[in-house]
Amino acid sequence: MRVDFVTKEYPPNIYGGAGVHITELVKVLRSRIQARVHAFGEPVQEADTFGYRTPSAYSDANPAIQTMATDLEIVQAIKGANLVHSHTWYANFAGHIASMLHGIPHVITAHSLEPLRPWKAEQLGGGYAVSSFIERAAYEQAKRVIAVSHGMRRDILKAYPELDPNKVEVVYNGIDSQKWQPLHEADMVRSLGVNPDQRSVIFVGRITRQKGLPYFLRAASQLPQDVQLVLCAGAPDTPEIKAEVEHLVSELSKTRSGVVWIPEHLPQPKLAALLSNADAFVCPSIYEPLGIVNLEAMACGAPVIATATGGIPEVVADGKTGWLVPIEQVDDGSGTPVDENKFVADWGNALNAALESGTLKSFGEAGRIRAVEEFSWESIATRTIEVYSRAVQS
């Protein structure tokens, strides 16, 4: 079987969980099937992997139109595949058109949903209506849709009620537990501006509304003074949210020391060292289909404090590998807390309860075991191939 993957993210151009997912999945699948990758960006020196620049004629176009133009560059190259598998709306258009043009099944892995990210209008303007149209058309005509959690599956069926529920299957994201494992390198941690001999909590993620960083920064004012805040946060969606985070970090820094902001994308060993050193990892997301970052933290032995939303409760075992912070959300697709002050206060309470619990070490050890035993890429690859078989036969 030849499967052609379409993705915006692929090494070296990875900035989120979708890129991590397809990189690790393809790595395993290539030992079982013929897998070709079509990725946005410069050509990559890797067999059966192809890069596609945005056509120069669209260099000044709205980002959504640039995406469509790049997808059309990919469509013809998919000819000869038995199946096309697209990841995120950026790639859905190429998968959808290739499916129709070449008469092959289209499988989608849902890493996020446009109806649940209305703040994207800040970034794309009218292009958000275009991205939403692309996603809906692709989902409703795909042979199979893979949800990365049961929470995500519920969201898909709510967002797209015309979709046949039998076509929506759950296959979790995974973790390479050999790559991500406890790495105790005090000098490496120190070189990044963090004191390894002092308590710390760490956030890792893009600066986007869904990651909830501003809520965490507000809650962090309640932390004891000796606790460092390590923020591995970059790639802001818009100038507005970047300015908001900069202001909150500045205000925090006026009242406490040990606020360490690392905006650049760190090499994996350095990130693993920071996660292994941390007393806790925080995931204040208000929208998260699953959250690979939680698995990475758990695999490094860090207990997780996370919002009880989306697929997060399927990863973080409350009271065993971490703490879940409750949230009541506005029913408009944005994920915004009904009472933002209460959400911030609940986060502050959870942070302090975790740090005072005396169970950080045991929770971290249990999280490592859970990540290794339940989220391996080998088992996820097997499940994915089973989905392909059903898509081809339907």
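**Cores, a helix pair and some backbone details**

Student: Which residues touch the most other members in the largest nonpolar core?

Tutor: In the largest nonpolar core, which has 53 residues, those touching the most other members are Leu 113, Ile 156, Ile 202, Cys 232, Leu 274, Leu 275 and Phe 281. Such a core is a set of buried Ala, Val, Leu, Ile, Met, Phe, Trp, Tyr and Cys residues joined through side-chain atoms within 4.5 Å, where buried means under 20% relative accessible area, exposed over 50% and partly exposed in between, with a 1.4 Å probe and protein chains only. This is a predicted model, in which local features need pLDDT of at least 70 and side-chain atom pairs count only at pLDDT 80 or more, while totals for chains, interfaces and linings use all residues. Residues are numbered from 1 along each chain as its sequence is written, and side-chain values use heavy atoms, with hydrogens and water left out.

Student: What does Leu 113 touch, then?

Tutor: Not counting residues up to four places away in sequence, Leu 113 touches Glu 135, Tyr 139, Met 152, Asp 155, Ile 156, Ala 159, Tyr 160 and Tyr 287, a contact being heavy atoms within 4.5 Å.

Student: Switching to helices, at what angle do α2 and α5 cross?

Tutor: The axes of α2 (residues 63–75) and α5 (residues 127–141) cross at roughly 40° and come within 8 Å, so the two helices are oblique to each other. Under 35 degrees would be roughly parallel, over 145 roughly antiparallel and 65 to 115 roughly perpendicular, with the rest oblique; the axes are lines fitted to C-alpha atoms over the stretch in contact, with angles from 0 to 180 degrees between N-to-C directions.

Student: Which residues make that contact?

Tutor: From α2 they are Ala 64, Ile 65 and Met 68, and from α5 they are Gly 127, Val 130 and Ile 134.

Student: Now Arg 144: buried or exposed?

Tutor: Arg 144, in strand β6 (residues 144–147), counts as buried because its relative accessibility is 11%. Its side chain is joined to that of Glu 169 by a polar contact of 3.0 Å, meaning a pair of N or O atoms within 3.5 Å, of which, within protein, one must be able to donate a hydrogen and the other to accept it, and residues adjacent in sequence count only if both atoms are side-chain atoms. Beyond four places in sequence, the contacts of Arg 144 include His 106, Asn 166, Val 387 and Arg 390.

Student: Where is the cis peptide bond?

Tutor: The cis bond joins Pro 11 and Pro 12, with omega about 10°, and Pro 12 lies in the loop between β1 (2–7) and α1 (17–29).

Student: What is phi for Asp 48 and Thr 88?

Tutor: Phi of Asp 48 is near 60°, positive in a residue other than glycine, and Thr 88, also not a glycine, has a positive phi of about 75°.

Terms used:
Helices (H or I, at least four residues) and strands (E, at least two) are DSSP runs, numbered from the N terminus.
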